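Reader: I have a structure open on my screen and would like to talk it through with you, chain by chain. Could you take a look with me?

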Amino acid sequence: MKELNINVHHVTRVEGHGNITVNARNGKLEEIIWSIPESPRFFEAMFRGRSYEDVTWMTPRICGICSIAHSTASIQATEAAFGVEISEQTLLLRKLLFHAETLQSHVLHFYFLAAPDFLGVGSVFPLVDTHTEVVLRALRLKKLANDLADLIGGRKTHPLTCVVGGFAKLPEVSELKAMRQKLVQAMDDMQETVKLFKGLEIPNFTRETEYIALKDPKEYAFINGDIASTDTGSTSINSYLDITNEFCVPHSTAKFSKHNRDSYMVGALARFNNNARQLSPAAQKAAEELGLKAICHNPYMISIAQIVETIHVIEDAINLIDKLTVRGLRGEKPPVKVRAGRGIGAVEAPRGILFHDYTYDDKGILVNANCVIPTNQNHNNIQKDMETLVPEIIDQSQEEITLRLEMLVRAYDPCISCSTHFLKVKFTQ
Amino acid sequence: MKPKIGFFDFTSCEGCQLEVLNFEGELVELLKLVDIVNFREAMTEKSDDYDIAFIDGAITTEAGISRIKKIRKQAAVLIAMGTCACLGGINCLKNFRTMEENLKIVYGDAAHYYDTIPARPVDAVVPVDYYLPGCPMNKDEFITLVKALLLNKKARLPNYPVCVECKLAGNVCVFEKGETCLGPVTRAGCKAICVTSGRHCWGCRGLVNDPNIDSEKEILQKHGLTTADILERFRHFNGYLEVSK
Amino acid sequence: MTEKVLSKQNLNIFINTLLSRGEEIVGVKKKEGKYAFGKIADAEEVCLDYDITLLPPSMYLLPQREALLKFNIAERPVASPVIEANPFILFGVHPYDIKAIELLDTAFSTDNLDTNYLSRREAATIIGVDCLNPNPNAFCPSMDTAFTDKGYDLLLTDIGDSYVIAIGSERGQALLKGCPDTQEATQVELKRKEEERQKALGQYKVALDTPLEKLPQLLDKSWNSSLWEERSEACLSCGSCVMVCPTCFCFDVQDDIELDLVEGERYRQKDACMLVDFAAVAGGGNFRDDKTSRYRHRMYRKGKYIMERFGKPGCVGCGRCASACLAEIASPAETFNLMRGESK
């Protein structure tokens, strides 16, 4: 009879630390646990008593891989609290900067973190010799994403220019035009990317679940809109707590989320499942080519949804640059007047919907903060996926099961280092 | 023999490891010179046979203390990479509250015991051979250090304040714009990127070897900061240092 | 040579003509309420009524960092010099900065000829403009740098709706030939130029109490003054004063190698005596490891050493250092005046 004893300590090629434990005896599954041994970082405690400007500066440091998302959610929460209206120019630049991160993170994920599994290697590094063209293409796309972040945000990680109310420094129109050129060229690399992934065998596994993402009637939402669920429709971001419903479970160390069902998913696939029709034409075409159709219930398809989104983001970045260059860029002094109040910012980080919820006093000093991170919302869905997946593949070897589970975790592109300030921590080794 | 290098993460945002993956122009060349044998964020294989260890993150748990000691034993060269590893960084902000209070704020009534201790830089636990400060660390300094190690040459960080690079960048001084800045006492090497991008220096690279803190404090006060403001400013990244106490 | 006159409108046309001819023009532009030299794309950007620029124009002759040679350390090492000097026009240089450039000319051609500097200097056409709107920290008249009659190819003086143009070289004259709208300056216009200059002289707020030529003597007597320690107490050793100085020309030479560990370059980059490690040497010693000795050294450079070595003062009184110094201790004039007060 089948005996399983899987203990993956610190899943690799993910951001942050997560462990998988599976035990089966006599063919009977005894235990499956997805747990998080990341060190807690206490950001909410550190934010308390600090001025809004300090908070803006600190929030990117929650996570190196989605620093722009944290920065944007944070700025939007503060703006909501103070009632700051931003200009059209700021909105365009913010979207453009946000796209930079979606690009950075997605390219990193599908090429550097996920692709090695499909190509039968342990990392991108050996591919330098065996798949030189693939690696060079990945590096080109990553560089493009980083160059865009540099141009709008001042650097690749931990953006500098975005502040409450606007931007502390603007790009030159000539620089935007040069960037546009590079984005147009990158579409060729994305076509090649589609070809490559089309040829890869994505594990076939489905489990119906609820998909939650921002939704904006005007566009494929990243930094605006309401919270949409494939089960229950839309609600305002102000009632995010009714959606995220964080709770503790006895068998795991992490706080989990659930809404309408056992669990829900956020991220590229959740966005796709809610908003596919708003994707750019080239992205829709890529989705079709890659066999991605809403509503898709296969979590391994998250990487594919990321590829589709990458194409959308490149196309939309080109449109945003066109709008900005037609308007011309004007220096604006961000009009910020502090006042007491609470504000909520919600954005679609690469890994899914992210909430920052701040309460300020009348001097602009933060008195309370709550951040709900996408990976946290996915933990429960990862757990439930594992519970469904393992019995389906229990006849395979322990190595194969382990790989499939690791690939599952990686597909979610978890960003644990930023999720952990919410997690209960216990070492399982 | 190519030296074997490993990247090890402690408490951080992992942005500094990410920076390594951002070496688009250099990654391919770099891999000709070194073997990366341990890099959890990017690869599955892990080996405990390495010569050079890059440490990302501050030490904030008891488990972290024993782990860093083990790494120190193995590594011939140990490098603190990024502000968290070099200085404790932003993690040290929690040190100004009791650990119990932090736990309560973040985890509420559900809080019970977690493995958390006051945050500290790597060199508060084990000796560090080289430092790559910055939040995030600076790619050029990383590459320069790797080349120096390979050529058996000395690598040194600038021992002058950010003002040098800020002036050379042609920036208008932050103080002249009515704001305040830690540039005059903060170690350069960042090319004053924050000021160049319209912000001010928060001291993420730590202090120069012999900073004139009294003078800087006097200047900050003259420009409107209270003593408490000044402490808070230093604490952002330098909470572990005397200057923040 | 006779002086010319050109209307402001026609000057803009002249600039744009030069640009359309493919000339590279580095001129003064606005920057966040201040002024800075930078590459000019259109005459509209050019400011000629500025008080002072953040950084001196000399950085276009002595770059902050420049390659000196390229090398290859493969089996048979080779090294070849790098000299980059493309013709360009330095537009709108104030007389004190022209005088600073003259000092660099002397320094880099005394004893060892510095080919890199001199090639770039040769490639530069300097179009000066009189400073009629001095920076409050400037003390140019005391340093004899408020005006100059040499060191430029052309020199403009704003007389209201037009500029009087003095021609300083054949190169300047040739350049002006491409500007058909210039007229001979009339006596009235030359008189206006003189009046504008006199008016400008009246606007300087800082002056040296000691005659320029007596500065070395004053400093000779002041070596042991307690003022050095008092003044330098607040020094941040931040280098701001020296980074913005038009006459500072010290540099450090380093090698940098590519990641292939074969190709590389030797470069020099700006270095300065106010930085802690400037006088550090192998073995761990540092000739000036305290801020007082560094501070005193800089003042000696400005008022004595350079003058004795090159016959020109090491300070042109532009006031950039004083503007840049957060500790408010960097002004040579203020320091020399205090020394003078003490020595009386």
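**A sheet in chain A**

Author: In chain A, strand β6 (residues 210–215) is joined to β11(A) by two bridges, and these strands run parallel. Please keep in mind throughout that this is a predicted model.

Reader: Which residue of β11(A) is the bridge partner of Tyr211(A)?

Author: The bridge partner of Tyr211(A) in that strand is Met265(A).

Reader: And what is the order of the strands in that open sheet?

Author: The open sheet of chain A has four strands in the order β8-β7-β6-β11, and their pairing is mixed. At its edges lie β8 (233–235) and β11 (264–265) of chain A, each of which pairs on one side only.

Reader: Changing topic to how the chains meet, which two chains share the most contacts?

Author: Two pairs of chains are in contact, and of these, chains A and B share the most contacts. That contact takes 48 residues from chain A and 46 residues from chain B.

Reader: Which elements of chain A supply at least two residues of the side that touches chain B?

Author: On the side of chain A that touches chain B, at least two residues each come from α1 (43–47), α2 (52–58), α4 (88–118), α6 (132–153) and α14 (416–419) of chain A. Of the elements on this side, α6(A) gives the most, with four residues. By class, the side of chain A that touches chain B divides into 21 nonpolar, 15 polar and 12 charged residues.

Reader: What about chain C, and how many of its residues are in contact with chain B?

Author: Chain C has 27 residues in contact with 27 residues of chain B. On the chain C side of that contact, the elements that give two or more residues are β3 (34–39) and α9 (240–243) of chain C. The residues of this side of chain C comprise 17 nonpolar, four polar and six charged.

Reader: How far apart are the nearest C-alpha atoms of chain A and chain C?

Author: The nearest C-alpha atoms of chain A and chain C are 10 Å apart, and the two chains do not touch.

Reader: Staying with chain C for a moment, why does its radius of gyration agree with that of a compact globule?

Author: For 344 residues, a compact globule would have a radius of gyration near 20 Å, and chain C has 22 Å, which agrees. The C-alpha atoms of chain C fill a box of roughly 65 × 65 × 40 Å along the principal axes, and buried residues make up 44% of its 344 residues. The secondary structure of chain C comes to 12 helices and 12 strands.

Reader: Back to chain B, then: what does its domain assignment give?

Author: The assignment gives domain 1 (4–150) and domain 2 (162–244) of chain B, and the centres of these domains, taken over C-alpha atoms, are separated by 25 Å. Where the domains touch, 17 residues of domain 1 of chain B are in contact with 12 residues of domain 2 of chain B. Helix α4 (residues 83–87) of chain B gives the most to the domain 1 side, with three residues.

Reader: Last topic: which residues have the most contacts inside the largest nonpolar core?

Author: The largest nonpolar core has 298 residues, and those with the most contacts inside it are Leu269(A), Val308(A), Ala53(B), Ile55(B) and Ile79(B). The largest share of this core, 14 residues, comes from α4(A). Leaving aside neighbours within four places in sequence, the residues in contact with Val308(A) include Phe272(A), Leu279(A) and Leu292(A).

Conventions. Residues are numbered from 1 along each chain as its sequence is written. Chains are lettered from A and ligands numbered from 1 in the order in which they are written. This is a predicted model: local features need pLDDT of at least 70, side-chain atom pairs count only at pLDDT 80 or more; totals for chains, interfaces and linings use all residues. Two residues are in contact if their C-beta atoms, placed from the backbone, lie within 7 Å. Ala, Val, Leu, Ile, Met, Phe, Trp, Tyr, Cys and Pro count as nonpolar, Asp, Glu, Lys and Arg as charged, and the others, Gly among them, as polar. Domain bounds come from an automatic or database domain assignment. A nonpolar core is a set of buried Ala, Val, Leu, Ile, Met, Phe, Trp, Tyr and Cys residues joined through C-beta atoms within 7 Å. A residue is buried if 20 or more other C-beta atoms lie within 10 Å of its own, exposed if 12 or fewer, and partly exposed in between; C-beta atoms are placed from the backbone. The radius of gyration is taken over C-alpha atoms; the globule rule is 2.2 Å times the number of residues to the power 0.38. Two strands pair if DSSP finds at least two bridges between them.
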